[in-house]
Amino acid sequence: MNIPISRLDPNVPDPVESRRHAAGRLVRMAYAASVFGILGFFVVYFGAPFVFLSGPGVVSSPRYVLSLPFTVQVSRMNVTPGATVKVGDEIGQVHSPEQDTIVATYMRALSDIAGRSAELRVKARVAAEALEAAQAYKRETDTAMERIATMASATTTFRVEILRERALANKDVIVQRAEAEEATKQLVSLDAFSKQIREQLDEVQRNFRSGLVSAPVGGIISTGLAHTGQSLVSGAPIADILNPNDVYVD
């Protein structure tokens, strides 16, 4: 038997239905929370070893040690530990008395070569000009010797004197020619040696770049960073650059 219910206002919700919907919503929320809680427990329980460390460790990565083959003193540093750098970024600047000594040694060697080359050029020029005079004198002695050979009245003493002059003229020609040739050869050798020293000097200055230190690779600056005013021996690290794309755990 159906009994019709007459409501005073159709817009007023039924209190029984309202309580029923609210209770159902709470039950569903509690059920969903319990289900997701159980799932979360299993996920954390079985997945934590793959995400979290089970003991103490160190997170690290491959590092690039930046150092110089000279004894240097750090003038300034432009980066701090943890800073990210790219290839070619300026890290700092150093001063090296050892590098200054190397440059001074090369310059002194070039100066000595220049002085020796000047002496050899003067010697070669003098020998070349003296050779012409010696050859002319030798031709005169040869002519005198030919004339004496046809003269029956020439004394033995006079013949010996002409022969001695001819021999001295030949010796002078040989000496001057040898000096000119040897001076020319030494000049060629000195020029080649001077060129080699200049190339080495340019390479040293180009590699040192006035003490500017740049990042050869991109990465993150580690804590092993030199500070301003610190003196470093040859091969000591100025900075360590870590590769952020290859991280591992020790």
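The dialogue below treats helix packing, nonpolar cores and backbone angles in turn.

Analyst: This is a predicted model, in which local features need pLDDT of at least 70, side-chain atom pairs count only at pLDDT 80 or more, and totals for chains, interfaces and linings use all residues. Residues are numbered from 1 along each chain as its sequence is written, and side-chain values use heavy atoms, with hydrogens and water left out.

User: At what angle do the axes of helix H2 and helix H3 cross?

Analyst: Helices (H or I, at least four residues) and strands (E, at least two) are DSSP runs, numbered from the N terminus. Axes are lines fitted to C-alpha atoms, for helices over the stretch in contact, and angles run from 0 to 180 degrees between N-to-C directions. Here the axes of H2 (residues 97-149) and H3 (residues 156-208) cross at roughly 160° and come within 6 Å. H2 is therefore roughly antiparallel to H3 (angles over 145 degrees count as such).

User: Where does isoleucine 162 lie, and which residues does it touch?

Analyst: Contact means heavy atoms within 4.5 Å. Isoleucine 162 lies in helix H3 and touches Thr141, Ala144, Met145 and Ile148, not counting residues up to four places away in sequence. Isoleucine 162 and threonine 141 are 21 residues apart in sequence, yet 7.0 Å apart in space, C-alpha to C-alpha. With a relative accessible area of 14%, isoleucine 162 is buried (buried means under 20%, exposed over 50%, partly exposed in between, with a 1.4 Å probe and protein chains only).

User: What is the largest nonpolar core?

Analyst: In soluble globular proteins, nonpolar side chains tend to be buried together. A nonpolar core is a set of buried Ala, Val, Leu, Ile, Met, Phe, Trp, Tyr and Cys residues joined through side-chain atoms within 4.5 Å. The largest one here has 20 residues, and Ile91, Val94, Leu232 and Ile238 have the most contacts inside it. Strands E3 (72-77), E5 (90-95) and E9 (237-242) are the elements that each give two or more residues to this core. A second, separate core of 11 residues includes Ile113, Leu190, Ile197 and Val204.

User: What is the phi of arginine 209, and what is that of serine 210?

Analyst: Most residues other than glycine have a negative phi. Arginine 209 has a positive phi near 55°, and serine 210 has a positive phi of about 60°. Arginine 209 is partly exposed at 39% relative accessibility, whereas serine 210 is exposed at 57%.

Definitions and conventions: Angles under 35 degrees count as roughly parallel, over 145 as roughly antiparallel, 65 to 115 as roughly perpendicular and the rest as oblique.
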